[in-house]
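Hello,

Here is the structure we spoke about. Please open it first, then read the notes below.

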Number of protein chains: 2
Amino acid sequence: MTNKKQRAMVVAGVMSGTSADGVDVAFCRVSPGVGGGSPKVKVLGHRAFAYSKKLRAEVLKVAGAREAEVLSAAEMARLNWRLGEVYAECVAKAGEALGLKAELVACHGQTVYHQGAAAKFLGEALRCTWQMGEAAVIAERLRVPVVSDFRPADMAAGGQGAPLVPMLDSCVFRSSKKNRVLLNLGGIANLTVLPAGAGVDAVMAFDTGPANMVIDAVMMRCFGKAFDRGGAVALRGKAVAGVGLRGKYFELAPPKSCGREEFGSAFVDEFVDECEPAGASKEDVVATAVGLTVESVASAYERFCLPHLLKFAEGVKGAEMLVAGGGAKNRALMRGLAERLKRDGVKLGTTEVSGIAVEAKEAAAFALMGWLTWHGMAGNVPSATGARRAVVLGKVSLP
Amino acid sequence: MTNKKQRAMVVAGVMSGTSADGVDVAFCRVSPGVGGGSPKVKVLGHRAFAYSKKLRAEVLKVAGAREAEVLSAAEMARLNWRLGEVYAECVAKAGEALGLKAELVACHGQTVYHQGAAAKFLGEALRCTWQMGEAAVIAERLRVPVVSDFRPADMAAGGQGAPLVPMLDSCVFRSSKKNRVLLNLGGIANLTVLPAGAGVDAVMAFDTGPANMVIDAVMMRCFGKAFDRGGAVALRGKAVAGVGLRGKYFELAPPKSCGREEFGSAFVDEFVDECEPAGASKEDVVATAVGLTVESVASAYERFCLPHLLKFAEGVKGAEMLVAGGGAKNRALMRGLAERLKRDGVKLGTTEVSGIAVEAKEAAAFALMGWLTWHGMAGNVPSATGARRAVVLGKVSLP
């Protein structure tokens with residue numbers, strides 16, 4: 001099945017994040033690189049679909065389950081199947097709305113368990129991961145090949161199974177002349193550093209800390225709203241300097257990754273308490289949460305990315321930082337980042353300069369990875385995941 | 001990835017049954033059929049490996065879990081991973097022992113949940129199945145492509161996801177001149193009927209009732225032993241006629257399948273009780289369990305297979321019945337079947353006449369199905385599973 005002649009294909013990338021709010025579908029045209037170069041990815045259109053309330057509750061129940069919580073095998077088998085049906089429906093609906101037909105579906109699935117650090121099980125240390133959404137159902141309903149289950153191969157090769165998006169970053173945004181840094185502002189903020197003219201081995205990627213995870217939580221506590229649309233509330237407030245920035249996560253050198261363990265409700269409790277002595281209004285608290293993201297991204301850039309750029313792209317000054325993810329729509333956050341990073345010679349933009357809509361980037365990344373797998377090509381970036389080698393990701397289901 | 005030129009390959013088929021006792025590995029040479037005919041399968045060698053006690057207990061815990069029982073997502077993700085490691089080790093060990101190197105691994109995995117009948121979940125009716133054993137781990141450890149997860153595609157196409165072995169039966173044993181019936185004597189006995197000269201659409205397959213499930217259980221109760229090696233105990237006893245044969249399962253017309261629900265410990269309790277009034281010795285009880293299998297197979301043959309053979313192979317007299325599975329090693333059972341079926345013009349033999357070792361047949365069936373998938377060819381037999389169409393089975397992981 002390998003070494004198939006590379007050809008341009010319309011690939012539907014399908015992503016569900018750990019926030020478990022729904023499904024992002026990005027229809028992309030993925031084409032072979034010219035003269036052995038990196039493949040090209042063009043987002044042709046994208047759509048987002050919310051999970052039904054029932055399904056979201058079930059996903060959160062299963063995905064939120066820790067060691068102590070309990071489920072039945074039947075329930076998990078059924079959720080895997082139902083998610084497959086939902087993904088198939090979402091791809092069909094998006095394709096209809098966009099007037100496009102996918103030749104290949106690349107489905108990340110819904111993560112219900114991810115254990116990046118080794119733990120003992122039956123006397124053997126292992127790491128593992130688990131994404132749900134039965135690919136055979138998608139292949140049968142849509143009658144197209146499906147690539148699914150992208151993370152296990154990287155983990156089997158010694159990696160953490162994440163981050164995987166740096167492959168898209170490297171293929172689409174690497175420049176021979178400019179330093180480029182990709183910033184994704186999802187629940188967590190992460191950076192991918194692409195030194196000018198350097199190869200894929202020089203890619204650095206890590207999580208800088210919280211983004212929407214804390215901003216959204218603060219919005220819920222102060223205003224009972226799920227998020228700050230456009231950053232309107234934060235723009236009316238004034239940030240209290242330094243709040244939330246003393247955690248030890250920010251001191252750690254990359255590679256590093258974080259999540260609800262570090263920046264969940266316990267962190268938010270403390271964060272809100274810390275704003276009070278400064279006499280912060282509710283708007284000020286939201287602005288402070290935005291400020292926390294701005295400052296943690298900027299200081300990570302200065303401490304970890306700058307030395308890396310100097311090492312791999314000596315003499316190239318400054319960098320372009322291209323933002324994607326829901327946070328790219330938050331004007332307070334974008335304005336804060338642009339102002340704060342100016343002193344470092346960083347010019348802020350979004351991934352749309354390269355034709356990747358900010359909401360579609362993760363789904364587009366899986367479209368690219370699916371295309372690579374279909375052609376028998378590796379999809380992970382070992383310097384980002386820690387894998388021993390570049391490996392073909394995922395499993396292929398034929399219709 | 002489809003329509004690849006067919007070529008002969010050494011494929012390692014890997015099977016773990018619902019008894020959860022371990023892993024069967026069959027190294028097979030699978031070659032394209034001559035002139036568009038069915039592919040050929042030759043078992044080059046095979047090995048069986050027992051699960052460790054710890055692993056078996058864990059598998060039984062997960063696989064035995066019903067709706068009411070409970071598990072954590074972490075535990076299941078870890079078991080899936082650990083089983084992948086175990087399968088990789090078993091294939092490596094078998095290959096070393098046999099002096100063979102697999103070009104492709106076809107791994108059935110360990111079934112932990114199978115729901116052939118539709119049930120409501122989040123308001124939608126669905127059927128589903130779940131086999132564990134992470135294929136990415138096998139591909140990485142052995143550095144060969146792996147086909148896994150064979151059952152979901154058939155179910156997504158409306159089938160029951162079982163039985164899948166009829167594809168091997170049809171490819172290897174179909175004859176233009178003779179009626180052939182394949183009998184597998186595992187925990188459950190099942191028949192595949194191949195009318196002389198008929199195509200794959202004329203294949204009939206179903207479970208006739210219990211085989212080793214009841215014989216082994218009776219051995220455990222009467223002698224505290226796991227099974228009756230070679231049928232030695234049964235050969236010393238005398239069967240009580242008719243015991244256990246009045247269950248309604250035997251009356252049902254195919255397609256039908258059965259398991260522990262019908263022939264588990266409740267059935268065995270009643271079975272043993274029924275032997276007592278006849279003054280049966282312990283050896284007689286074991287012989288009666290053998291007699292139950294003999295009679296249920298033979299009467300299923302007469303009621304369901306004979307009319308089917310007459311319909312699809314009019315004028316062809318008698319049939320050859322080829323036995324595989326652990327029960328083929330039980331001389332009492334084989335002798336009983338040979339004597340009982342003689343009156344129907346059935347000649348008893350084993351699959352070894354066609355080069356398929358009786359212990360290796362199921363693993364060899366998955367080797368064939370993996371080879372078919374690798375070449376983009378369908379692997380299910382719709383008349384056996386009830387699927388709407390023939391589909392490519394499984395998922396391909398590339399090393």
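**Contact between the chains**

B:Arg82 and A:Glu124 form a salt bridge, with their closest N and O atoms 3.9 Å apart. Keep in mind that the model is predicted. Across the interface of chain A and chain B, six salt bridges are found. There are also 13 residue pairs in polar contact between the two chains, both residues at pLDDT 80 or more.

Now the totals. Chain A puts 62 residues into the contact, and chain B puts in 62 residues. Together the chains bury about 5,200 Å². Of that area, 65% is on carbon and sulfur atoms.

Strand 13 of chain A pairs with strand 13 of chain B (residues 395-397). The pairing is antiparallel and runs over three bridges. A:Val396 has B:Val396 as its bridge partner.

**Salt bridges within the chains**

Over all chains, the count comes to 39 salt bridges. One of them joins A:Lys178 and A:Glu320, with the closest N and O atoms 3.3 Å apart. Why does this pair tie together parts that are apart in sequence? A:Lys178 lies in the loop between helix 5 (166-173) and strand 8 (180-185) of chain A, and A:Glu320 lies in strand 11 (residues 319-324) of chain A, so the pair ties together parts 142 residues apart in sequence.

Are the two partners buried or exposed? A:Lys178 counts as partly exposed, at 39% relative accessibility. A:Glu320 is buried, because its relative accessible area is 12% and the cut-off for buried is under 20%.

A:Glu359 and A:Lys329 also meet in a salt bridge, at 3.4 Å from N to O. This pair links distant parts of the chain, 30 residues apart. A:Glu359 sits in the loop between strand 12 (346-350) and helix 12 of chain A. A:Lys329 sits in the loop between strand 11 and helix 11 (331-342) of chain A. Both ends are partly exposed: A:Glu359 has 36% relative accessibility, and A:Lys329 has a relative accessible area of 45%.

Chain B has a salt bridge between B:Glu359 and B:Lys329, at 3.4 Å from N to O. This pair links distant parts of chain B, 30 residues apart. B:Glu359 is in the loop between strand 12 (346-350) and helix 12 (361-374) of chain B. B:Lys329 is in the loop between strand 11 (319-324) and helix 11 (331-342) of chain B. B:Glu359 is partly exposed, with a relative accessible area of 36%. B:Lys329 also counts as partly exposed, at 45% relative accessibility.

One last item is a network. A:Glu295, A:Glu302, A:Arg340 and A:Asp344 are joined into one network by salt bridges that share partners.

Best wishes

Definitions and conventions. Residues are numbered from 1 along each chain as its sequence is written. Chains are lettered from A and ligands numbered from 1 in the order in which they are written. This is a predicted model: local features need pLDDT of at least 70, side-chain atom pairs count only at pLDDT 80 or more; totals for chains, interfaces and linings use all residues. Side-chain values use heavy atoms; hydrogens and water are left out. Contact means heavy atoms within 4.5 Å. Buried area is the accessible area (1.4 Å probe) that two parts lose on being put together, summed over both. A salt bridge is a side-chain nitrogen of Lys or Arg within 4 Å of a carboxyl oxygen of Asp or Glu. A polar contact is a pair of N or O atoms within 3.5 Å; within protein, one must be able to donate a hydrogen and the other to accept it, and residues adjacent in sequence count only if both atoms are side-chain atoms. Two strands pair if DSSP finds at least two bridges between them. Helices (H or I, at least four residues) and strands (E, at least two) are DSSP runs, numbered from the N terminus. Buried means under 20% relative accessible area, exposed over 50%, partly exposed in between (1.4 Å probe, protein chains only).
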